[in-house]
Amino acid sequence: MKVSRSSRLNGEYQKEISEIIRTRLKDKEPELKGIISVTEADVAPDLKTAKIYISIYAKDDAEKAKSFDILSENAGFIRHELSQVMRMRTVPALTFLWDGSMAYGAKMDELFKKIHVSEEGEEEK
């Protein structure tokens with residue numbers, strides 16, 4: 001099975017951006033809190049822009065928002081660090097977006113549990 005160039009690039013950008021956030025950005029920005037995951041990278045075919053989907057696990061929503069703001073403010077720094085690692089002519093401009101799939105999955109799990117409990121209650125009657 002042949003893997004396309006764009007999917008290889010997406011995976012490589014995801015891995016490298018995650019590493020940059022985990023090491024260099026956390027050293028530069030001590031206020032960056034929580035567990036930050038790069039869930040997906042979507043690089044445009046012309047390699048000029050990239051959407052980076054982020055999931056942040058923190059103790060409260062204010063901490064999540066602050067960490068996300070720090071990431072967005074440091075997009076240029078991350079792009080510069082990425083240019084040092086990747087051997088490409090151009091490095092795309094990075095746009096960070098919330099990845100709500102984790103929250104959506106948790107909500108769906110709760111709904112399924114409620115349905116399962118209500119079905120068990122009806123069967124007993």
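Author: A nonpolar core is a set of buried Ala, Val, Leu, Ile, Met, Phe, Trp, Tyr and Cys residues joined through side-chain atoms within 4.5 Å. Buried means under 20% relative accessible area, exposed means over 50%, and partly exposed lies in between, with a 1.4 Å probe and protein chains only. The model here is predicted: local features need pLDDT of at least 70, side-chain atom pairs count only at pLDDT 80 or more, and totals for chains, interfaces and linings use all residues. Residues are numbered from 1 along each chain as its sequence is written, and side-chain values use heavy atoms, with hydrogens and water left out.

Reader: Which residues of the largest nonpolar core touch the most other members?

Author: Ile17, Ile21, Ile52, Ile54, Ile78 and Phe96 do, in a core of 27 residues.

Reader: Which elements give two or more residues to this core?

Author: Helices (H or I, at least four residues) and strands (E, at least two) are DSSP runs, numbered from the N terminus. Two or more core residues come from each of H1, strand E1 (35-43), strand E2 (49-57), helix H2 (61-73), H3 and strand E3 (93-98). H1 supplies the largest share, six residues.

Reader: What is Phe96 in contact with, leaving aside its neighbours within four places in sequence?

Author: Contact means heavy atoms within 4.5 Å. With those neighbours left aside, Phe96 is in contact with Ile17, Ile52, Ile54, Phe68, Leu71, Ser72, Ala75 and Ile78.

Reader: Phe68 is in that list. Is Phe68 buried or exposed?

Author: Phe68, found in helix H2, is buried at a relative accessible area of 10%. Leaving aside neighbours within four places in sequence, Phe68 is in contact with Ile56, Phe96, Leu97 and Trp98. The C-alpha atoms of Phe68 and Lys33 are separated by 9.6 Å, although these residues are 35 residues apart along the chain.

Reader: How is a pair of packed helices described?

Author: Two packed helices are described by the angle between their axes and the distance between the axes. Axes are lines fitted to C-alpha atoms, for helices over the stretch in contact, and angles run from 0 to 180 degrees between N-to-C directions. Helix H1 (residues 5-28) packs with helix H3 (residues 75-85) at an angle of about 120 degrees, and their axes are 10 Å apart. H1 is therefore oblique to H3. Angles under 35 degrees count as roughly parallel, over 145 as roughly antiparallel, 65 to 115 as roughly perpendicular and the rest as oblique.

Reader: What is the handedness of the crossing of H1 and H3?

Author: A crossing is left-handed if the near helix is turned anticlockwise from the far one by less than a right angle, and right-handed if clockwise. H1 and H3 cross in the right-handed sense. On the H1 side, the contact is made by Tyr13, Glu16, Ile17, Ile20, Ile21, Arg24, Leu25 and Lys28, and on the H3 side by Phe77, Ile78, Glu81, Leu82 and Val85.

Reader: How many residues of the contact of H1 with H3 are nonpolar, polar and charged?

Author: Ala, Val, Leu, Ile, Met, Phe, Trp, Tyr, Cys and Pro count as nonpolar, Asp, Glu, Lys and Arg as charged, and the others, Gly among them, as polar. The contact of H1 with H3 has nine nonpolar, no polar and four charged residues.

Reader: What is Tyr13 in contact with, leaving aside its neighbours within four places in sequence?

Author: Tyr13, in helix H1, is in contact with Ala41, Val43, Leu82, Met86, Met88, Thr90, Val91 and Pro92 once those neighbours are left aside. Tyr13 counts as buried at 1% relative accessibility. From C-alpha to C-alpha, Tyr13 and Ala41 are 6.5 Å apart in space and 28 residues apart in sequence.

Reader: Is Glu29 buried or exposed?

Author: Glu29 sits in the loop between H1 and E1 and is buried, with a relative accessible area of 17%. Apart from neighbours within four places in sequence, Glu29 is in contact with Ile70 and Asn74.

Reader: Where is Leu47 found?

Author: Leu47 is in the loop between E1 and E2. Its phi is near 60 degrees, a positive value in a residue other than glycine.
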